[in-house]
Amino acid sequence: MKTLLLDIRAKAEDALKNANDDAALEAVRVGYLGKKGELTAVLRGMGGLSPEERPIVGALANEVRTYIENALAEKKKELEEKKLEAKLLAEKLDVTAPGENFEIGVRHPLEKIETEMSDIFRSMGFEIAEGPEVEFDLFNFQKLNIPENHPARDTQDTFYITDNILLRSQTSPVQARVMMDTQPPIRIISPGRVYRADEVDATHSPVFHQLEGLVVDKGITMGDLRGMLETFAKQMFGENTKIRFRPHHFPFTEPSAEVDVSCFVCGGKGCRVCKGEGWIEILGAGMVHPNVLRGCGIDPEVYSGFAFGMGIERIVMIKYGIDDMRLLYENDLRFLKQF
Ligand code: DAH
């Protein structure tokens, strides 16, 4: 019995020496101390010993058990220390390694100018209104006094989705939506995307951006329109900028005008940017047509208003001297980083 126990102890010791992970340790534990383990079997067989032998063998068996338990615990600790050491080695921090370079982006010139424009109008008390890009013919055309046979209504110019749903060809439908929703005083701008069936070239794109403006109140005159646009032009292009109105036609305003700013590069003398004209066209505007007011539920006998609309790409191109609109959509970082 005694030799058997000493033998077990020696075998367990050997097995532990070769156990190099948690699973192997557990196998040793189960193999000697588990329910079916070798040591457990010896303890069970002690019933067959004489009363003199029993305490001696029992004491030795306990000693062997304690010995194996301690050896297991020690080996376990040793393995954990090794594991930690390996982990620390693997995670070694090299403070001399070069840092990771990540680039900070820039704002797109279109977004930058749109924000600049919106900020100028907001400082004059305008609020920002939004409308859908997929729009009803009703708002894009009918409510804006645009007659059935107007060229803009041709499928050559406008993307139709169904007979009465289209991709808005201008931001002007937001005017109609706001007037139908609210009674004056109204003072809104609405920047956003518009769509036209145009081929891509240096000055055209089937998707571009406009900024619409609308003011309706009692006693609004063309003088108010002029003063407001002049303030905008000076803040956008410089204190010395002048504006001029040229008569024009838009179905939804009467009278209507195209508005030019004096060239901020040459001051009006004529140069490459203004193509020798001294003036640069930037927008369309006018007094809201009584038919439009009436059609949107506002009494033209009580209220009057002005409206204007401008292309944001155009303002960006003028301001930064960009001569090809495609550059704004190609996302070439060498171009975009200049702004
Ligand atoms: N919607 C016009 C266009 O796309 C621009 C415009 C002109 C808007 C006159 C206006 C306006 O509000 O009064 O060409």
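Buried here means under 20% relative accessible area, with exposed over 50% and partly exposed in between, using a 1.4 Å probe and protein chains only. Cys 296, at 4% relative accessibility, therefore counts as buried. So does Cys 263, at 2%.

A word on the source. This is a predicted model, in which local features need pLDDT of at least 70 and side-chain atom pairs count only at pLDDT 80 or more, while totals for chains, interfaces and linings use all residues. Residues are numbered from 1 along each chain as its sequence is written, and side-chain values use heavy atoms, with hydrogens and water left out.

Staying with the cysteines: the structure holds 0 disulfides, a disulfide being a pair of cysteine sulfur atoms within 2.5 Å. For Cys 263, the nearest cysteine sulfur belongs to Cys 266 and is 3.6 Å away.

Next, helix 10, residues 312-320. Helices (H or I, at least four residues) and strands (E, at least two) are DSSP runs, numbered from the N terminus. The buried residues of helix 10 are Ile 312, Glu 313, Ile 315, Val 316, Met 317 and Ile 318. Among the elements they pack against are helix 5, helix 8 and strand 9 (304-311). After helix 10 comes Gly 321, with a positive phi near 65 degrees.

Last, helix 5 and helix 8. What meets Met 228, Phe 232, Gln 235 and Met 236 of helix 8? On the helix 5 side, Ile 113, Glu 116, Met 117, Ile 120 and Phe 121 do, contact meaning heavy atoms within 4.5 Å.
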